[in-house]
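Hi,

Here is the structure for you to look over. My notes follow below it.

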Amino acid sequence: MTQPAPQFLFDVGSPNAFLAHQAIPAIERRIGVKFDYVPVLLGGIFKATNNKSPAETLAGVKNKREFLVVETERFLKRYAVKPYVWNPHFPVNTLNLMRAAVAAQIEGVFDKYVEAAFHHMWAEPKKMDDLEVAAAALSSSGLDGKALLTRAQEPDVKAKLIASTEDAVQRGAFGSPTFFVGTEMFFGKEQLRDVEEMYG
């Protein structure tokens with residue numbers, strides 16, 4: 001039976017989603033299938049599932065943060081991707097950015113938008129919850145940043161992001177990056193190996 005395309009539920013505010021995004025192209029080449037990127041609002045998922053960001057959950061836990069650093073180093077080596085540059089403004093409120101991702105889908109510039117938004121969050125980090133900063137950053141990447149962020153405020157765009165976020169929670173998601181292959185859910189960048197195995 002042919003597997004459906006893998007889905008990548010992402011929020012550009014997640015550094016691990018950024019690392020997964022960098023690893024995905026090589027996986028796509030190996031499995032011969034494109035990932036379906038699904039914008040979700042991580043803050044909305046956290047609220048609906050009573051979850052918290054790793055920055056909060058790891059506070060004061062001996063050895064766990066140190067292990068995650070080692071785990072990330074292994075990931076970077078395995079997939080030959082670059083580490084993120086820590087965003088000094090973290091946590092960044094990504095509500096407008098993720099709405100703009102939906103707007104970019106509608107406007108037909110989604111792939112370019114995803115690349116740009118991740119870049120300005122985790123490669124050349126900026127305060128991307130400042131609308132003027134975000135608009136300028138997106139425009140520097142060849143998009144009409146102001147138009148996308150304006151379109152992001154339209155009711156249909158807001159409703160679509162809410163729907164995809166609620167759907168993610170209904171299907172079992174509690175954070176980002178989350179992947180689905182059909183009804184099979186995988187959480188965390190390390191499980192990209194398991195996603196790839198589904199197409200072996």
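At what angle do the axes of helix H1 and helix H4 cross? The axes of H1 (residues 15–31) and H4 (residues 64–79) cross at roughly 35° and come within 10 Å. Axes here are lines fitted to C-alpha atoms, for helices over the stretch in contact, with angles from 0 to 180 degrees between N-to-C directions. Helices (H or I, at least four residues) and strands (E, at least two) are DSSP runs, numbered from the N terminus.

Before going on: this is a predicted model, where local features need pLDDT of at least 70, side-chain atom pairs count only at pLDDT 80 or more, and totals for chains, interfaces and linings use all residues. Residues are numbered from 1 along each chain as its sequence is written, and side-chain values use heavy atoms, with hydrogens and water left out.

On the H1 side, the contact with H4 is made by Leu19, Ala20, Ala23, Ile27 and Arg30. H4 brings Thr72, Phe75, Leu76 and Tyr79. Contact means heavy atoms within 4.5 Å. Seven of these residues are nonpolar, one is polar and one is charged. (Ala, Val, Leu, Ile, Met, Phe, Trp, Tyr, Cys and Pro count as nonpolar; Asp, Glu, Lys and Arg as charged; the others, Gly among them, as polar.)

**Sheet**

Four strands form an open sheet in the order E2-E1-E3-E4, with mixed pairing. Two strands pair if DSSP finds at least two bridges between them. E2 (36–39) and E4 are the edge strands; each has a single partner strand, so one side of each is left without a neighbour in the sheet. On average, neighbouring strands are turned by 25° against each other, direction ignored.

E1 (residues 7–10) pairs with E3 in the antiparallel sense over three bridges. Gln7 has Phe180 in E3 as its bridge partner. E3 (residues 178–181) and E4 (residues 184–187) are also antiparallel, over four bridges. Thr178 stands opposite Phe187 in E4. These two strands form a hairpin with two residues between them. In the turn, Gly182 has a positive phi of about 65°.

H1 lies across E1, E2 and E3, and runs at about 150° to E1.

**Core**

The largest nonpolar core has 51 residues. Among those with the most contacts inside it are Phe8, Phe35 and Phe179. A core is a set of buried Ala, Val, Leu, Ile, Met, Phe, Trp, Tyr and Cys residues joined through side-chain atoms within 4.5 Å. Buried means under 20% relative accessible area (1.4 Å probe, protein chains only). A second, separate core has seven residues, including Val38 and Phe180.

Best wishes

Conventions: Buried means under 20% relative accessible area, exposed over 50%, partly exposed in between (1.4 Å probe, protein chains only).
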